Number of protein chains: 2
Amino acid sequence: MSNISRRKLLEMIGAAGGSAASYQVATALGLVAAPGALVKANVTRLRESRRRVVILGAGVAGLTAAYELDRAGYECIVLEASHRPGGRVLTLRGGDIVDEVGHRQVCNFDRDPDLYFNAGAARIPADHVALLQYCRELQVPLEVFVNDNRNALVHDDRMFDGKPVRAREFITDARGFMSELLAKSVLTEQLSQPFDALDAERLLGFVRAYGDLDSNNFYRGSRRAGYRNGGFITQGQLKEPFDFSELLNSDFWRFQMHWAEGNDQAATMMQPVGGMDAIIDGFMRRIGRLVTLHAIVRRVHLRDQGVDVTYAVNGVEQRIHADFCINSIPTHLTAGLDHNFPRDYVDALRVVERGKLFKIGLQARERFWEAERIYGGISWTNQDITQIWYPPTRFHSRKGILLGAYTFGDAGGEKFANMTPEARIDLAIAQGERLHPGYGKFIENGVSVPWHRMNHMLGCSARWRPEDRHVHYTRLQQPAGAHYMVGDQISHHPGWQEGAIRSAHFALADIDRRVQAQIAQLSARR
Amino acid sequence: MSNISRRKLLEMIGAAGGSAASYQVATALGLVAAPGALVKANVTRLRESRRRVVILGAGVAGLTAAYELDRAGYECIVLEASHRPGGRVLTLRGGDIVDEVGHRQVCNFDRDPDLYFNAGAARIPADHVALLQYCRELQVPLEVFVNDNRNALVHDDRMFDGKPVRAREFITDARGFMSELLAKSVLTEQLSQPFDALDAERLLGFVRAYGDLDSNNFYRGSRRAGYRNGGFITQGQLKEPFDFSELLNSDFWRFQMHWAEGNDQAATMMQPVGGMDAIIDGFMRRIGRLVTLHAIVRRVHLRDQGVDVTYAVNGVEQRIHADFCINSIPTHLTAGLDHNFPRDYVDALRVVERGKLFKIGLQARERFWEAERIYGGISWTNQDITQIWYPPTRFHSRKGILLGAYTFGDAGGEKFANMTPEARIDLAIAQGERLHPGYGKFIENGVSVPWHRMNHMLGCSARWRPEDRHVHYTRLQQPAGAHYMVGDQISHHPGWQEGAIRSAHFALADIDRRVQAQIAQLSARR
């Protein structure tokens, strides 16, 4: 059987310049080399020798470090400024406090274990193997989380006069249109001569299958987009395709349409049963005894040997000396401590910017979206709220917690943050009405989290400018004396628990190396 | 802002003939008219009058009919030939019997509620609203089922020398390639002149986003396909794109690649917690008292008024008269009964062909696939087994039940069916090894279901030739006297519970109409 050469194809159609064809794979297929190989911290167990490590912050990075060091025989002290461990792993339930600067909220959800809101970390991809390994070890039950629901809605004010369509309609029609264009232009017009019959036929077959074109290479609707009516007792009638120019009027295709295919977002996604903080609970069951809450770190001073840390609990200052300090406090807050870090380290701390992500959780008295055939998943809108998430569990139960806004952009985040908690809910409801008429009458209460106003954090995931990665990121990955910065902020996965864990593992490996070298040196002297 | 007209575009590129553009939507956007509006049976409640209905078969159609008629005050008798209710809703657990003609198997799974195998119906789409309504009413808890897992494998002997790749790799690279072709050929070459800058830019933007092309419109790999390495502590390195011609060598793109986007397969898919037969259990809790098992129907005779049915339980014949008969026995078996159906009805019964689908469930001593980052979902192969399904629940538990084969084609179905149960398992393991080296050493036991050899069914879902739909299907939708054919076989959704339910609703509506007309006539006479 003859093959279609990509290069040949591209040459045919007169493409200038290079091509992906030059990247053709001649080597192994990557399954083995994939980034999902089991990742574990391997801290050598201490025997006679003692080492003390002070860990700043009881988020995922800090808890990982404490858990691993504790079981390797290190003495660990975890200082957490907040009233709770977990950092940006924050699951809110009825009665919980949202410690926002200036707007202390109490979550008014019904006291029901199914009514919770993951206000921070909310999903786990299958490739985040270190986190998944901890879920296994800490016996955190997992279930499927739904990113991509083809019955969820796409709303854009500029498309169809602001009427929402189903994701399956948008995606299928856009694909059909693309495929029709390609089939007609590339294949029938240009490729018919230079290609032999088999090649052209196969490529045409591919394109036809891809867009669900008819035998004449026209896109006339597809079952993938859903039926207009019928399909059960009577024959299904295909929905008529949308006008592609109307679809292009929206912004959905810019990244939202492809969101659920990203390396960190593609199915199968997961979540812990009952709330993301089941992971924190799992760590705390093992090492909660090591964690001091309400401990505000004030001073971190590097010494010739080790680090001095001064902190206050209820205003009472305490000072401890440790062999190492593992610090997950946000870089911009660390830079503001009383410290004696070297200049290049401080420069690096200061260069990292922070996201202003905003989330709002809404308690609905009725899971009305399930009557609209939406079971889990995410609707998109070009309004400030950006997304609505529907709970992927407890289908057909009475009430449910919606994510009523998940605002990525700084402008939207600031807009919400600058409102009162009540006004935020009102705005989220008003915008939700555009997707679900009657939305507001189902909402009983809500709770909002503007991450850049959350106490002890004042910012969301780190934003590294690409140009800062080389010098500053590399600097912060290295210790300053016995002081190690960790957290998702010191990773290529800011905003993800996996980034936090890997950064902790990275620091632990270096500490282990140094400690073992010290021990070997001492033992050689004896 | 100016728009891109599809027709204009197609004209530009010299497409001959009509186009989907002529189908442009000028009317409402279909959300309201969507086929998911709540569907309910509305059988008028009987008062003084009595009616008896005999229902043949205790599958989903029969149970639906009995449930609805019973609560409307009808007297119902459900006759089921098998030792169990449910029909092709068959969930196998340790100790269960597989009533295959010639090979009676006992399922050897461990006795553990999590170790079950849905050998028949196995998933519920969100658009199957009648079934979902029964799940709600019967309090059947649902959870997410995963069709589309981008970490699952694609295997084809003709591609990459039979080495499997991840679905995310295949799909992303194929899409990137398509988009690159389109961007270069359609946009830069042909559309640059006739379109104004904004139009061309926007369409180009769409295509670029669609395929994740670089700024020069080349596809050079994408995060959607996953990283080759890095991404957490170090920068992620993109996997190099495959050679598209190699991808075209496989059959995956013919329909498998698009499988999980079909109207009945796209996310969010669901399943009952603990096994599909939770639905049967739900019905049986309400109306189990009406069901006689081991009741073999032998004779169905239409009378001027009503129907006579003769059946045998343990060889003892019984005869009952009923006002109506609702029959879900497979058409080809119904045709073989002692009956007095009219000729056109018999012709219609005989025309329906049956699938030979085959499924095998394998108990694995360890959920090895989760170490390969596969959590639920389906891998595809061009071997006989066609698919491997991974359980979408109880992640990280010890054991799991794999679907080790799901053979759609008749040839594959017959091949497996003609083997002994032991040999089927051996073949499924041998073929599974091609996707997961070492597969066999994890498999403890298995159970297989060749549907065309299952007692009292002798066939899987009905296969209607399109040309038979007009005359024969329409005939079977209508009663013969007081006898109604039902089941997924009398629907446009054969193989789906929703088809069975809708067919029952369709028959019930007609029975209700006739009964109410009789009552009105009687009351008019008085």
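Guide: What follows describes one hairpin and then turns to other backbone features. This is a predicted model, in which local features need pLDDT of at least 70, side-chain atom pairs count only at pLDDT 80 or more, and totals for chains, interfaces and linings use all residues. Residues are numbered from 1 along each chain as its sequence is written, while chains are lettered from A and ligands numbered from 1 in the order in which they are written.

In chain B, strand β16 (residues 307-313) pairs with strand β17 (residues 316-322) in the antiparallel sense, over 7 bridges. Strands (E, at least two residues) and helices (H or I, at least four residues) are DSSP runs, numbered from the N terminus, and two strands pair if DSSP finds at least two bridges between them. V307(B) has A322(B) in β17(B) as its bridge partner.

Between the strands of this hairpin are 2 residues, and N314(B) takes a positive phi near 50 degrees. Most residues other than glycine have a negative phi, and most peptide bonds are trans. N314(B) counts as exposed because it has 7 C-beta neighbours inside 10 Å. A residue is buried if 20 or more other C-beta atoms lie within 10 Å of its own, exposed if 12 or fewer, and partly exposed in between, with C-beta atoms placed from the backbone.

L458(B) also has a positive phi near 50 degrees; L458(B) lies in the loop between β25 (443-450) and β26 (462-463) of chain B. With 15 other C-beta atoms within 10 Å, L458(B) is partly exposed.
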